[in-house]
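Dear colleague,

I am handing over the structure we spoke about, and below it you will find what came out of a first reading. Please read the notes with the structure open beside them.

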Amino acid sequence: MFFDGYGYHGRSFEQTYRCYPASFIDKPQLENGDKIIMPPSALDRLASLHIDYPMLFELRNTSTERVSHCGVLEFIAEEGMIYMPYWMMENLFLQEGDTVTVKNVTLPKGKYVKLQPHTKDFLDISNPKAILETTLRNFSCLTTGDSIMVAYNNKKYYIDIVETKPSNAISIIETDCEVDFAPPLDYKEPERAAPSRPSKAPAEVEEAAAEVEPKFNPFTGGARRLDGKPLKQQPPPSSSGSSDKQVDVTNGGKKSAAGASSSQNSSRQSQGKLVFGSNANRAPEKQKEPVKEEPPKKEEPKFQAFSGKKYSLRG
């Protein structure tokens, strides 16, 4: 008989038993390792054989051909029965009272094992490697494809054995074994953000902002008096174009009063420019027609306070 290239030495031990979980024998510490409890007759048979120590066994479910490996803790079970951790029964698809074949084997010492937690919660532990190292001290061997249980802080964590070297089943007793972790089964890679489009050049952004934002003109609103009286004079508009027109209007009024002697100077002032020095060769420009003054508007009645009718509370 061979298991992955490694043979069984001497006359092998092979026996069929009915299996039950550790809770049936009131030994909860059995769940924290991979050891089983066998009957005393198995010890008598093993002692008469030339077997290698520590004792390691192959567990096989003949109905499903599932195989796992374990060690032995005690020989105190009833004849024809063995007790094993419940997580081991789950790996072998065994129910309470099902039959399982037990055979002694010799496994090579492990050099490498790759583990994969079922959930990300195991990686949230402060020091998962230290917890795993402490838990594996209760194990004798590891088999590829099994799921072991790690109990920590009143919580159970299940870990898959993804790969073992140099064989599919290895002994981890008194050996230096390299441990590697695969991403948890429920791990999802973060989605990559879509690359953003290149933004416009700073010069283009400034030009667009200059076009959109209106220029600030202070004091462009209408004026009102607090007493309600109408304004006699309207405030001059604040824009530069209107101020130039107002200068032209006032200059035109002065031209009409000064006469023909100041016609050249008034023609220069009518353009809204200041000219220094004389320019006799400059052709005289036509004078602008004087602005017609609008007739004064009728004044609105002034506001009079307390001008309403009076009433008596007595009626």
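Is Val72 buried or exposed? With a relative accessible area of 17%, Val72 is buried, because anything under 20% is counted in that class. Please keep in mind here and throughout that this is a predicted model.

Val72 is found in strand β6, which covers residues 66–74, and, when its neighbours within four places in sequence are left aside, Val72 is in contact with Lys35, Ile36, Met38, Met55 and Phe57. Val72 and Pro54 are 18 residues apart in sequence, and their C-alpha atoms are 8.9 Å apart in space. Pro54 itself sits in the loop between α1 (40–47) and β5, where a cis peptide bond with omega of about 0° joins Tyr53 and Pro54.

For the chain as a whole, the secondary structure comes to six helices and 14 strands, and 31% of the 315 residues count as buried. Among contacts between residues at least 6 apart in sequence, 75% join residues at least 24 apart.

Next, the aromatic residues. The count of aromatic pairs comes to six. One of them is formed by Phe13 and Phe57, an edge-to-face pair with 6.3 Å from centre to centre and 75° between the planes. Since Phe13 lies in the loop between β2 and β3 while Phe57 belongs to strand β5 (residues 56–61), this pair ties together parts that are 44 residues apart in sequence. Phe13 counts as buried at 3% relative accessibility, and Phe57 is buried as well, with a relative accessible area of 1%. Ser12, in the loop between β2 (6–7) and β3 (14–21), is by contrast partly exposed, its relative accessible area being 28%. Not counting residues up to four places away in sequence, Ser12 touches Arg45, Leu49 and Asn104, and its C-alpha lies 7.8 Å from that of Ile51, a residue 39 places away in sequence.

Ring pairs also link Tyr20, Phe24 and Tyr83 into a cluster. Tyr20 is found in strand β3 and, at 19% relative accessibility, counts as buried, because the limit for that class is 20%. Apart from neighbours within four places in sequence, Tyr20 is in contact with Met81, Ile82, Tyr83, Met84, Met89, Glu96 and Gly97, and the C-alpha atoms of Tyr20 and Leu94, which are 74 residues apart along the chain, are separated by 9.0 Å.

Turning to helix α3 (residues 128–136), the residues Pro128, Ile131, Leu132, Thr135 and Leu136 are buried. Seen down the axis of α3, these buried residues fall within an arc of 125°, so they line one face of the helix. An α-helix has 3.6 residues a turn, so residues three or four places apart point the same way. The strands against which the buried residues of α3 pack are β9 (112–117), β10 (141–143), β11 (147–152), β12 (155–165) and β14 (178–181).

The lining includes Leu132 and Leu136, together with Glu174, Val179 and Phe181 among others.

Glu174 deserves a separate look: it lies in the loop between β13 and β14, and it has a positive phi of about 50° although it is not a glycine. With a relative accessible area of 72%, Glu174 is exposed. Glu65, in the loop between β5 and β6, likewise has a positive phi, near 60°, in a residue other than glycine.

Lastly, Lys165 lies over the face of Tyr112, at 5.1 Å from the ring centre. Lys165 is also joined to Pro166 by a cis peptide bond, with omega of about 10°, and Pro166 lies in the loop between β12 and β13 (169–171).

Technical notes. Residues numbered from 1 in each chain as written. Predicted model: local features only at pLDDT ≥ 70, side-chain atom pairs only at ≥ 80, totals over all residues. Heavy atoms only, no water. Helix = DSSP H or I, 4+ residues; strand = E, 2+ residues; numbered from the N terminus. Buried < 20%, exposed > 50% of the residue type's maximum accessible area, 1.4 Å probe, protein only. Contact = heavy atoms within 4.5 Å. Phe/Tyr/Trp six-rings, centres within 6.5 Å; stacked < 30°, edge-to-face > 60°. Lys NZ or Arg CZ within 6 Å of the ring centre and 35° of its normal. Arc of directions from axis to C-beta. 1 Å grid on protein atoms, 1.4 Å probe; cavity = no way out; pocket = protein on both sides within 12 Å on 5 of 7 lines; lining within 4 Å.
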